[in-house]
Amino acid sequence: MTEIREVLGERTALTSDDLDKLVYTEQIIKEVLRMYDVIGFMTLSKESPVGGVTLSGYYIPAGTIMTTYGAAMSRMPEYYDNPDTFNPSRFSPENQRSCIARHFAMMEMKMTLARLYQSFQIALPPNYVLQVDDTYTTRPAGDIPCTLSPWKNDAEL
């Protein structure tokens, strides 16, 4: 990750200014979260209004408890061009999207990812396909067979 090396160099302590400069790293995190939504199903505890409501042409009777499947919404071509393609640029500063508690969570993820990639080269086996278990929260269905190797020199970046 060239961006991490450019921002941090050999320093191991990150500052808030450093985190602000990890723009592409943030785009990668957002794209991973889009493709693998942390909370697959979300039940809306509010019941539909008295008398019911019509959403997108579907009538929902009063008293109905509604559930959404965020993982499916994140893969809909109505919202994302080529939704099954990993494309961090869809979260470039020109394409703003938002979520609750994003600032704190993003700070934590950027710090973790920056320190990890600063220290190690990470490789997955060729043709590895991630299997997902989204029963309650999205997580890998099994182990992720990756190799961590210390960086030897800047030419490897």
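In this predicted model, a polar contact of 2.9 Å connects the side chain of Glu 31 with that of Arg 90. The two residues also form a salt bridge, with their closest N and O atoms 2.9 Å apart. This pair brings together distant parts of the chain: Glu 31 belongs to helix 3, while Arg 90 sits in the loop between helix 4 (70–73) and helix 5 (102–119), 59 residues apart. Arg 90 counts as buried because its relative accessibility is 8%, under the 20% cut-off.

Leaving out residues up to four places away in sequence, Glu 31 touches Thr 85, Phe 86, Asn 87, Pro 88, Arg 90 and Phe 91.

Across the whole structure, a search finds 8 salt bridges. Side chains of opposite charge can pair when their charged atoms come close. Another such pair is made by Asp 18 and Arg 11, whose side chains meet at 3.0 Å, N to O. Asp 18, located in helix 2 (residues 16–21), is buried, with a relative accessible area of 4%, whereas Arg 11 is partly exposed at 37%. Beyond its neighbours within four places in sequence, Asp 18 is in contact with Val 7, Leu 8, Arg 11 and Ala 13. Elsewhere, a network of salt bridges links Glu 26, Lys 30 and Lys 110.

Turning to the nonpolar residues, the largest nonpolar core has 6 members, namely Ile 4, Val 7, Leu 8, Leu 19, Leu 22 and Ala 114. Helix 1 (residues 2–8) supplies the largest share of this core, with 3 residues. Ala 114 makes contact with Ile 4, Leu 8, Leu 14 and Leu 22, again setting aside neighbours within four places in sequence. In soluble globular proteins, nonpolar side chains tend to be buried together.

Some nonpolar side chains are found on the surface instead. Leu 33, Val 38 and Ile 39 form a nonpolar patch there, with about 220 Å² of accessible area together. Of these, Leu 33 is placed in helix 3 (residues 23–35) and is partly exposed, its relative accessible area being 32%.

How values were computed
Residues numbered from 1 in each chain as written. Predicted model: local features only at pLDDT ≥ 70, side-chain atom pairs only at ≥ 80, totals over all residues. Heavy atoms only, no water. Patch = residues over 30% accessible without salt bridge, like charges linked within 9 Å, V, L, I, M, F, W, Y side chains within 5 Å. Areas by Shrake-Rupley, 256 points an atom, 1.4 Å probe, with all protein chains shown as cover. Salt bridge = Lys/Arg side-chain N within 4 Å of Asp/Glu carboxyl O. Helix = DSSP H or I, 4+ residues; strand = E, 2+ residues; numbered from the N terminus. Buried < 20%, exposed > 50% of the residue type's maximum accessible area, 1.4 Å probe, protein only. Contact = heavy atoms within 4.5 Å. Core = buried A, V, L, I, M, F, W, Y, C linked by side-chain atoms within 4.5 Å. Polar contact = N/O pair within 3.5 Å; in protein donor to acceptor, adjacent residues only side chain to side chain.
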